Amino acid sequence: MSANIRFHAGQIVEHRRFAYRGVIYCRDEQFDLTDEWYEQMAITRPPKDQPWYGVLVDNTQQTTYVAERNLLLSNDKSQVNHPYLGVYFDEFDGLEYKLREVN
């Protein structure tokens, strides 16, 4: 794991600009989608050479892909409501989710 990654899967985060909260379900050490996606969706043009995260958005069926600079740890540690939680996680310890072990 790279030392420059601030967050990990299972942490509950908030988006700095759009104020939604959710749980991180994956991370990339740098941007890993298409240039077309970046041009269309990454409005503020965050750096591609820094970590990006997949987030299950609370109280929706949406997932997002977010640059690290746009995330903060959430002060609200209540459980996230998302239909894919059970796909990625098998436990909530009161602070964060524990990744489901792959056999």
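Which residues does Phe7 touch, not counting residues up to four places away in sequence? The model is a predicted one, and in it Phe7 touches Val13, Ile24, Arg27, Tyr53, Glu68, Leu71, Leu72 and Leu73.

Phe7 belongs to the largest nonpolar core, which has 10 residues. Besides Phe7, the members are Ile5, Val13, Tyr20, Ile24, Tyr53, Val55, Val57, Val66 and Leu71. Strand E3, residues 52-57, gives the most to this core, namely three residues.

Strands of a sheet pair through backbone hydrogen bonds, and the pairing is either parallel or antiparallel. Here five strands form an open sheet in the order E4-E3-E2-E1-E5, and their pairing is antiparallel. E4 and strand E5 (71-73) are the edge strands, each of them pairing on one side only. On average, and with direction ignored, neighbouring strands of this sheet are turned by 45° against each other.

E2 and E3 run antiparallel and are joined by six bridges. In this pair, Gly22 stands opposite Val57 in E3. E1 and E2 also pair in the antiparallel sense, over three bridges. Ile12 has Val23 in E2 as its bridge partner.

The loops between strands contain two residues with a backbone angle worth a look. Most residues other than glycine have a negative phi. Ala19 is not a glycine, yet it has a positive phi of about 60°. Where is Ala19 found? Ala19 lies in the loop between strand E1 (12-15) and strand E2 (21-28). The hairpin of E1 and E2 has five residues between the strands. Ala19 counts as exposed because its relative accessibility is 60%, and the cut-off for exposed is over 50%.

Asn59 is the other case. Its phi is near 60°, a positive value in a residue other than glycine. Asn59 is in the loop between E3 and strand E4 (63-67). With a relative accessible area of 57%, Asn59 is exposed.

A further hairpin is made by strands E6 and E7. Strand E6 (residues 89-92) pairs with strand E7 (residues 97-99) in the antiparallel sense over three bridges. Phe89 stands opposite Leu99 in E7. Four residues lie between the strands of this hairpin, in which Gly94 takes a positive phi near 100°.

The last subject is the aromatic rings. A pair of aromatic rings is described by the distance of the centres and the angle of the planes. How many aromatic pairs does a search of the whole structure find? The search finds 13 aromatic pairs. One of them is formed by Phe31 and Trp52, with 4.8 Å centre to centre and 70° between the planes, an edge-to-face arrangement. Phe31 lies in the loop between E2 and helix H1 (35-41), whereas Trp52 is in strand E3, so this pair ties together parts that are 21 residues apart in sequence. Both Phe31 and Trp52 are buried.

The rings of Phe89 and Tyr97 have planes at 45° and centres 5.4 Å apart, so this pair is tilted. Are these two residues buried or exposed? Phe89 is buried, with a relative accessible area of 4%. Tyr97 is buried, with a relative accessible area of 4%. Phe89 and Tyr97 are part of one aromatic cluster, together with Tyr25, Tyr88 and Phe92.

Conventions:
Residues are numbered from 1 along each chain as its sequence is written. This is a predicted model: local features need pLDDT of at least 70, side-chain atom pairs count only at pLDDT 80 or more; totals for chains, interfaces and linings use all residues. Side-chain values use heavy atoms; hydrogens and water are left out. A nonpolar core is a set of buried Ala, Val, Leu, Ile, Met, Phe, Trp, Tyr and Cys residues joined through side-chain atoms within 4.5 Å. Buried means under 20% relative accessible area, exposed over 50%, partly exposed in between (1.4 Å probe, protein chains only). Contact means heavy atoms within 4.5 Å. Two strands pair if DSSP finds at least two bridges between them. Axes are lines fitted to C-alpha atoms, for helices over the stretch in contact, and angles run from 0 to 180 degrees between N-to-C directions. Rings of Phe, Tyr and Trp (its six-membered ring) pair if their centres lie within 6.5 Å; planes under 30 degrees apart count as stacked, over 60 as edge-to-face and the rest as tilted.
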